[in-house]
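Reader: I would like to learn how to read a few features of a structure. Could we begin with a strand and its partners?

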Amino acid sequence: MSAQPDSVAEVSAGLRGVGYLPGQSTALVAYLATKLGKPVLVEGPAGVGKTELAKALSRYLGRRLVRLQCYEGLDEAKALYEWNYRKQLLRIQTESDDAGWSEVQDDIFSDDFLLPRPLMTAIATEEPVVLLIDEIDKTDQEFEAMLLELLSDFQISIPELGVIEARTQPVVLLTSNNTRELTEALKRRCLYLWLDYPSLEHELSIVKLHTPELSDTVARKLVELVQMVRDLDLKKPPSIAESIDWARAMLLLGADDIDANLFNATMSIIVKHRTDLDIVAERVGVQLGGLAGATGSARTG
Amino acid sequence: MGTSELLDSFSALGEVSWSERLEVKEALAATLAKSSEDRRVFDLVFERFFFRAPEHEALAREISEQDAELDAGGAQIDLAQLRERIAQAIREGDDAALRDLARLAIAAFGRQGEGSGVIGVDVQRIRRALELRSGDGRTREPQDVARGEALELPREALRLFEAHLRRELERDAIERAKRLPPSRPLNELDRALPSGPLQDLAAVHRVVAQLKRRLATQGHSARGRRRHQQVDVRRTMRASLQTGGVPVVLKWRPRRPRRPEIYVLCDVSTSVTSASVFFLSVLHALHDNFRRMRSFVFIERISEVTEIFERERSFKAVSEAIGRDAGVADVSGYTDYGRVWTEFMASVEDDLHPRSTVIVLGDARTNGRDPRADVFAQVAEKAGRTFWLNPEPRLYWNYGDSVIAAYERHCRAFECWTTGQLEEFVKALTRTGPGD
């Protein structure tokens with residue numbers, strides 16, 4: 001099944017249908033990406049659902065998701081293609097007695113000996129896919145430059161074989177945590193989407209979508225607390241995924257209200273640095289009521 | 001912004017409906033503004049342009065929005081009723097209705113004859129007159145509102161309503177004066193200075209993480225291939241296919257670059273009070289990222305604070321510990337660079353070698369004392385690279401008792417008082433050759 005959206009509202013509804021609540025701009029950019037066939041660069045703090053957006057898009061569009069996780073030192077042999085040299089060697093050895101050199105030469109640099117890596121897979125498949133290039137900012141600039149050909153023309157040049165053009169056009173999403181400025185050349189080829197932490201109401205509906213059993217009052221209080229924690233100056237502010245985790249934990253504990261005790265005991269689900277824990281315990285714990293002072297010593301973490 | 005981006009933005013506009021303000025805005029933003037910083041600037045410019053352009057057009061054609069019906073309505077409606085309707089519009093998220101209500105509110109307010117002529121003041125007065133308050137995110141039940149209690153609105157909704165008020169007031173002013181107000185320079189577009197170090201700590205940390213990567217990978221290519229290298233079997237085999245499976249050309253594993261050694265000297269005297277908090281946070285961030293690093297703070301004397309940073313993880317504790325233990329001031333409390341270099345040289349001379357990097361954070365104001373640039377030259381010569389980060393704008397350099405010129409001959413100096421400039425410094429680092 002392959003969906004082909006015709007309006008922004010359709011994309012928005014479609015993404016909702018597969019369990020992802022997009023903001024206005026998210027839906028619009030996703031729609032433009034499918035219409036214009038341009039890659040989308042998604043930036044934002046960690047844990048606002050950048051990767052999740054790609055997964056949701058692939059579910060909604062009914063396309064396979066091809067994912068390339070970037071890391072420092074990733075090179076073209078792992079991202080684009082590689083020659084299957086073991087097979088090539090075997091081929092040379094079996095044929096060296098009877099076949100002419102030029103035949104073997106032609107032979108071993110053909111499709112049969114090519115190992116496609118994610119990027120190549122993404123453009124060579126029959127069915128269009130969603131290609132996710134995750135955390136592009138972790139790679140070095142050379143790798144970015146290598147992507148340019150793929151992103152603008154959807155083709156890959158292999159010196160021994162020539163140019164391989166895309167059979168189908170993938171929807172491409174690149175995510176970045178903004179740890180390094182990406183090159184202008186890359187940005188120019190992409191649509192840009194900045195995902196930020198959602199507003200209170202938006203996050204509340206996300207949490208409710210994932211934990212429908214949680215009571216309204218607890219869910220609201222939980223989201224309010226998370227937003228309050230985010231306003232503090234933390235090393236790592238809690239992500240949406242973490243507030244969902246927290247909501248699940250509340251559900252498991254059967255909580256019907258979040259008081260200082262419960263907050264201090266479960267705080268480590270959303271705050272993951274020792275110094276952050278101290279700050280949060282101090283600021284938020286006090287706001288939760290007079291209990292905080294008495295239970296401060298019972299804190300975990 | 002290039003031509004290709006303009007083309008993109010037009011093809012994007014072709015896909016959205018033009019009557020939806022938000023859609024047009026987002027489509028333009030997605031194709032034109034390519035970083036969060038750009039996005040902020042874009043939002044400002046977009047609001048200004050799409051407010052001013054139609055106003056200008058309306059003036060030219062002498063169209064006025066003095067809608068008699070609306071204004072007459074404003075004269076009759078009472079505040080409580082208005083409040084209720086605003087709450088309703090906000091609950092329903094109806095942007096157009098909010099705009100109309102903002103006009104009504106202004107009309108009702110204007111009738112009381114309290115307009116001050118200053119838009120910002122008027123907005124706040126109207127808000128107070130309507131008893132709109134930013135609440136804790138819970139919109140009250142309608143019956144509460146009907147009882148005439150102050151209306152509590154979610155903060156964002158209130159801000160939205162205020163923006164509407166502001167825009168309508170501005171429009172009124174334009175219509176009265178029959179001309180556009182002079183365009184203000186877009187000075188909000190400048191990056192803000194780091195006023196409170198704490199909220200900028202995260203930004204500093206980010207830049208320093210970059211710095212680490214740049215320092216670590218730098219000089220890697222220049223070092224070349226030397227002894228103790230490993231053959232990369234996979235790549236060798238791959239290359240050997242060009243020669244029929246005989247490994248003629250050996251491929252090597254890349255050498256891991258050695259970790260850099262960093263010495264940081266940080267001025268904490270009174271002349272750089274405002275900047276030293278920023279510097280300390282830079283220092284703090286550096287310590288989180290580099291293991292082999294020694295840091296010193298100085299005023300008249302020098303004091304090594306490496307241990308404090310290693311012991312304390314939180315920024316606050318570090319700055320307190322430095323204030324307590326460092327003991328850098330002697331008598332006068334004025335910086336004495338000459339003495340600092342001599343002491344620094346004495347304590348680390350044997351450890352300095354061409355792989356080490358020295359970073360000085362200071363304003364190079366000697367208070368009339370001997371700068372001893374010759375000793376600094378020795379330091380710079382012993383160390384591989386020397387950088388100077390000066391918290392003063394370049395305009396003030398070498399003015400008064402600043403002697404940065406004497407030191408600049410031996411190192412590279414950067415002005416650095418915002419995280420943005422720190423980023424520039426990091427960028428400049430990559431361009432510097434290792435022997436530079």
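Author: This is a predicted model. In it, V42(A) of one strand stands opposite T175(A) in β8(A).

Reader: How many bridges join β1(A) and β8(A), and in which sense do the strands pair?

Author: β1(A), residues 40–43, and β8(A), residues 171–176, are parallel and share 4 bridges. β1(A) also pairs with β9(A), again in the parallel sense over 4 bridges. There the bridge partner of V42(A) is L193(A).

Reader: Which side chains of β1(A) lie on one side and which on the other?

Author: In a regular strand, side chains alternate between the two faces of the sheet. For β1(A), V40(A) and V42(A) are on one side, with L41(A) and E43(A) on the other. These four residues are all buried, so both faces of the strand are covered, taking buried as 20 or more other C-beta atoms within 10 Å.

Reader: What does V40(A) touch away from its sequence neighbours?

Author: Beyond four places in sequence, the contacts of V40(A) are V29(A), A33(A), V172(A), L173(A), C190(A), L191(A) and L193(A).

Reader: Which residues have the most contacts inside the largest nonpolar core?

Author: Nonpolar side chains tend to be buried together in soluble globular proteins. Here the largest such core has 81 residues, and V40(A), L191(A) and L193(A) have the most contacts inside it. Its largest share, 7 residues, comes from α2(A). Another core, of 51 residues, lies apart from it and includes L283(B) and V426(B).

Reader: At what angle do α11(A) and α12(A) pack, and how far apart are their axes?

Author: Two packed helices are described by the angle between their axes and the distance between the axes. For α11(A), residues 216–231, and α12(A), residues 240–253, the angle is about 140° and the axes are 11 Å apart. The crossing is right-handed. The residues in contact include L222(A) and V226(A) from α11(A), and W246(A) and M250(A) from α12(A). By class, this contact has 8 nonpolar, 1 polar and no charged residues.

Reader: How many residues does each chain bring to the contact between chain A and chain B?

Author: Chain A contributes 29 residues and chain B contributes 33 residues. On the chain A side, α2(A), α5(A), α9(A) and β9(A) each supply at least two residues. The largest share of that side, 7 residues, is from α2(A). The side of chain A that touches chain B has 15 nonpolar, 6 polar and 8 charged residues.

Terms used: Residues are numbered from 1 along each chain as its sequence is written. Chains are lettered from A and ligands numbered from 1 in the order in which they are written. This is a predicted model: local features need pLDDT of at least 70, side-chain atom pairs count only at pLDDT 80 or more; totals for chains, interfaces and linings use all residues. Two residues are in contact if their C-beta atoms, placed from the backbone, lie within 7 Å. Ala, Val, Leu, Ile, Met, Phe, Trp, Tyr, Cys and Pro count as nonpolar, Asp, Glu, Lys and Arg as charged, and the others, Gly among them, as polar. Axes are lines fitted to C-alpha atoms, for helices over the stretch in contact, and angles run from 0 to 180 degrees between N-to-C directions. A crossing is left-handed if the near helix is turned anticlockwise from the far one by less than a right angle, and right-handed if clockwise. A nonpolar core is a set of buried Ala, Val, Leu, Ile, Met, Phe, Trp, Tyr and Cys residues joined through C-beta atoms within 7 Å. A residue is buried if 20 or more other C-beta atoms lie within 10 Å of its own, exposed if 12 or fewer, and partly exposed in between; C-beta atoms are placed from the backbone. Two strands pair if DSSP finds at least two bridges between them.
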